[in-house]
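Please read them beside the sequence and the structure.

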Amino acid sequence: MTAAHKQPNYIGVFWWLLVLTVIEIAVIYLPIARLLIGILLVGLALSKASLVAMYFMHLKFEARTLGLIAMTPLLLCVLLIFALLPDLSAIPHRTTESPQVSATPH
Amino acid sequence: MITTAVEPVESPLTPESWGKLGMWIFLAADAMSFGGLLAGYGALRYGSADWPVPAGVLGIGLTAFMTFLLISSSVTMVLALAAIQRGDLRGLRTFLTLTVLGGLMFLGMQAYEWTHLIHRGLTLTSNPFGARLFGTTFFIITGFHGAHVTGGVIYLSCYLVRALLGRMTPANANGIEIAALYWHFVDLVWILVFTFVYLL
């Protein structure tokens with residue numbers, strides 16, 4: 001039962017989302033390894049997604065059933081990534097195509 | 001003669017939550033569509049030798065603002081729900097209007113972004129900045145998300161029209177809550193798309 005839960009501080013969540021977005025953009029310009037940037041970005045994105053799910057979508061205050069349903073795609077996506085891994089190693093880095101037009105980047 | 005009434009089993013699901021359950025199941029399935037697209041994006045990018053750095057091709061400033069817009073429209077959506085729950089129909093109209101406007105502005109900016117990129121040669125089948133599949137995956141993923149935003153704007157507009165005609169009462173709060181779930185999901189997916197397609 002959701003009963004009468006007190007309303008979360010929506011504006012507070014908004015500021016958090018905004019701050020995390022600004023950090024994300026700053027992170028891509030950091031002079032650190034690409035892998036580290038990637039890990040930071042994925043972590044930040046997942047934090048933002050959970051904030052939206054927990055507070056805006058009220059998962060924090062809902063019956064556990066809904067939380068389990070919401071977790072299902074996450075689990076399946078992890079499986080999907082593992083299912084794709086053998087294919088990844090099978091692709092030798094060669095999907096480079098012959099350039100179609102001679103355009104200058106930027 | 002009935003002697004003992006069957007004690008109703010305490011169910012975690014109230015009648016109002018059936019609709020929510022339905023929406024959550026739909027969203028879980030829909031999340032897999034996006035999951036599949038993003039995983040495919042990752043695999044193609046990994047297998048490509050000349051994948052451009054997205055931040056160099058796509059405008060981060062504009063899309064950061066689009067992120068801000070969607071997050072803001074999520075906030076106005078929770079405020080619309082809070083308004084109808086406390087019987088404030090005027091607040092419902094105001095916040096629903098703001099949410100729909102946020103969605104429309106997002107779509108307008110996406111159209112602008114796409115036009116700009118197409119003029120620079122990035123299309124579904126061509127990309128002057130490197131791997132051709134970059135253009136394909138970019139337009140398919142952002143297009144699929146944009147279609148969801150369009151659907152959300154139509155969905156919320158139906159409620160907005162009803163609210164403006166004075167046909168919404170606090171009894172409709174459950175409908176607004178379910179519509180809000182969809183809208184927040186679209187915001188949540190954009191957070192992921194923004195990170196994986198634009199920033200990473």
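1. The crossing of H3(B) and H6(B) is left-handed, in the sense that the near helix is turned anticlockwise from the far one by less than a right angle. The axes of H3(B) (residues 60-85) and H6(B) (residues 173-199) come within 10 Å and cross at roughly 165°, and the two helices are therefore roughly antiparallel to each other (angles over 145 degrees count as such).

2. This is a predicted model, in which local features need pLDDT of at least 70 and side-chain atom pairs count only at pLDDT 80 or more, whereas totals for chains, interfaces and linings use all residues. Residues are numbered from 1 along each chain as its sequence is written, with chains lettered from A and ligands numbered from 1 in the order in which they are written.

3. The residues of H3(B) that meet H6(B) include B:Leu70, B:Met77 and B:Leu81, and among their counterparts in H6(B) are B:Trp183, B:Trp190 and B:Phe194; contact requires C-beta atoms, placed from the backbone, within 7 Å. The residues of this contact divide into 15 nonpolar, five polar and two charged.

4. Between the chains, 45 residues of chain A are in contact with 45 residues of chain B. H3(A) gives the most to the side of chain A that touches chain B, with 13 residues, and the residues of that side divide into 30 nonpolar, ten polar and five charged.

5. Helix H2 of chain A (residues 34-56) has 23 residues and reaches 32 Å from its first C-alpha to its last, close to the 33 Å expected at 1.5 Å a residue. Just after H2(A), A:His58 takes a positive phi of about 60°.

Technical notes: Helices (H or I, at least four residues) and strands (E, at least two) are DSSP runs, numbered from the N terminus. The expected span of a helix is 1.5 Å times one less than its number of residues. Two residues are in contact if their C-beta atoms, placed from the backbone, lie within 7 Å. Ala, Val, Leu, Ile, Met, Phe, Trp, Tyr, Cys and Pro count as nonpolar, Asp, Glu, Lys and Arg as charged, and the others, Gly among them, as polar. Axes are lines fitted to C-alpha atoms, for helices over the stretch in contact, and angles run from 0 to 180 degrees between N-to-C directions. Angles under 35 degrees count as roughly parallel, over 145 as roughly antiparallel, 65 to 115 as roughly perpendicular and the rest as oblique.
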